[in-house]
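Please walk through this model one region at a time, with the sequence and the coordinates side by side.

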Amino acid sequence: RLKNSSTRYGVGDDCAVMEYPADKQVLVTSDLLMEGIHFDLTYVPMKHLGYKAAMVNLSDIYAMNGTPRQMVFSIALGKRFCVEDMEAFYDGLKMACEAHEVDIVGGDTTSSLTGLAISITCIGEADKDKVVYRNGAKDTDLICVSGDLGAAYMGLQLLEREKSVLKGGDKDLQPDFAGKEDLLERQLKPEARRDIIRKLAKEGVQPTAMMDISDGLSSELLHICTQSKAGCRIYEEHIPIDYQTAVMAEEFNMNLTTCALNGGEDYELLFTVPMTDHEKVSEMEAINLIGHITKPELGCALI
């Protein structure tokens, strides 16, 4: 059943048909996920893979301050996969789309000789005056990030550790995930931050620049600074890190700040707002103020 009025015709013909109002900008994003590069089926269930594949695309639309409306997915898989695998993948994809009221309007399935490949395109909309790019950050703007960072990366380290133990040959050993479920969920089942976009809109806060954190806070912030021709200062003590992430980093003897800055796959939102919005963002739950934008000649620094 179609949820969006912009979807005129979904699955069942050569093309889906969409119609967007004249006062909207149409947003399009695409992701290609390759087995062995972006995911490891040793520990990633097909249903979770479908869910995550959808979420990473939905997150891109929210990062433009938009609303996702339609999704198209294509998948190439080999003979080792059965019908049940395909159904599990689709169930995960559908679950994510239903949660965010997105119509699945088409796609393709084909065979592969080199592992599983997934291509997803998401289409969304935004008011013409509300689209947020990476290039709008100005000197003295405040730098904000949603949620906490580094958890997805620590979840990945945990999964990789248990995989290597399993490879050791003792078939009776069970993975040790007790008390670390939140880290696993952040890696296997991330959530696109629609709630943050809605909070900002409700409070009348229009970010000047924004993107989602897929590759890590440091690289994403450098993208914003480069495209905005600006510098930045962020403060190590203000980077939001969950207690469980900190415990796991210590267990792996890893530098916690490095994990939070460079781990990636958190799919939190990084954005800048004018200093006049300081009071509003300070009072918002799940939004953390971590620094400010500076003049370009001051460079980008972690304090």
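Is M34 buried, exposed or partly exposed? M34 is partly exposed because its relative accessible area is 30%; buried means under 20% relative accessible area, exposed over 50%, and partly exposed in between, with a 1.4 Å probe and protein chains only. This is a predicted model, in which local features need pLDDT of at least 70 and side-chain atom pairs count only at pLDDT 80 or more, while totals for chains, interfaces and linings use all residues. Residues are numbered from 1 along each chain as its sequence is written, and side-chain values use heavy atoms, with hydrogens and water left out.

M34 belongs to strand β3, residues 24-34; strands (E, at least two residues) and helices (H or I, at least four) are DSSP runs numbered from the N terminus. Together with L32 and I37, M34 makes a nonpolar surface patch of about 300 Å². Patches are made of residues with over 30% relative accessible area and no salt bridge, where like charges are joined within 9 Å and nonpolar side chains (Val, Leu, Ile, Met, Phe, Trp, Tyr) within 5 Å. Accessible areas come from the Shrake-Rupley method with a 1.4 Å probe, and for residues only the protein chains shown count as cover.

The loop between β3 and α1 (46-63) holds G36, which is exposed at a relative accessible area of 64%. G36 and G115 are 79 residues apart in sequence, yet their C-alpha atoms are 8.2 Å apart in space. D40 forms a salt bridge with K163, with 2.5 Å between the closest N and O atoms. This pair links distant parts of the chain, since D40 is in the loop between β3 and α1 and K163 is in helix α3 (residues 151-167), 123 residues apart. Both D40 and K163 are buried.

A salt bridge here is a side-chain nitrogen of Lys or Arg within 4 Å of a carboxyl oxygen of Asp or Glu, and the count comes to 18. Among them, R161 and E162 meet at 3.1 Å, N to O; R161 is partly exposed at 23%, whereas E162 is buried at 11%. K130 and D129 meet at 3.8 Å, N to O. K130 sits in the loop between β6 (117-127) and β7 (142-146) and is partly exposed at 34% relative accessibility, while D129 is exposed at 57%. A network of salt bridges links D148, R186, R193, D195, D266 and E268.

Next comes strand β9, residues 231-234. In a regular strand the side chains alternate between the two faces of the sheet. Both faces of β9 are covered, with G231 and R233 buried on one side and C232 and I234 buried on the other. β9 pairs with strand β11 (residues 287-294) in the antiparallel sense over four bridges; strands pair if DSSP finds at least two bridges between them. R233 has H292 as its bridge partner in β11. β9 also runs parallel to strand β12 (residues 300-302), joined by three bridges, and there C232 has C300 as its bridge partner.

D242 forms a negative surface patch with E181, D182 and E185.

Methods:
Lys, Arg positive; Asp, Glu negative; His and termini not counted. Charge placed at Lys NZ, Arg CZ, Asp CG, Glu CD.
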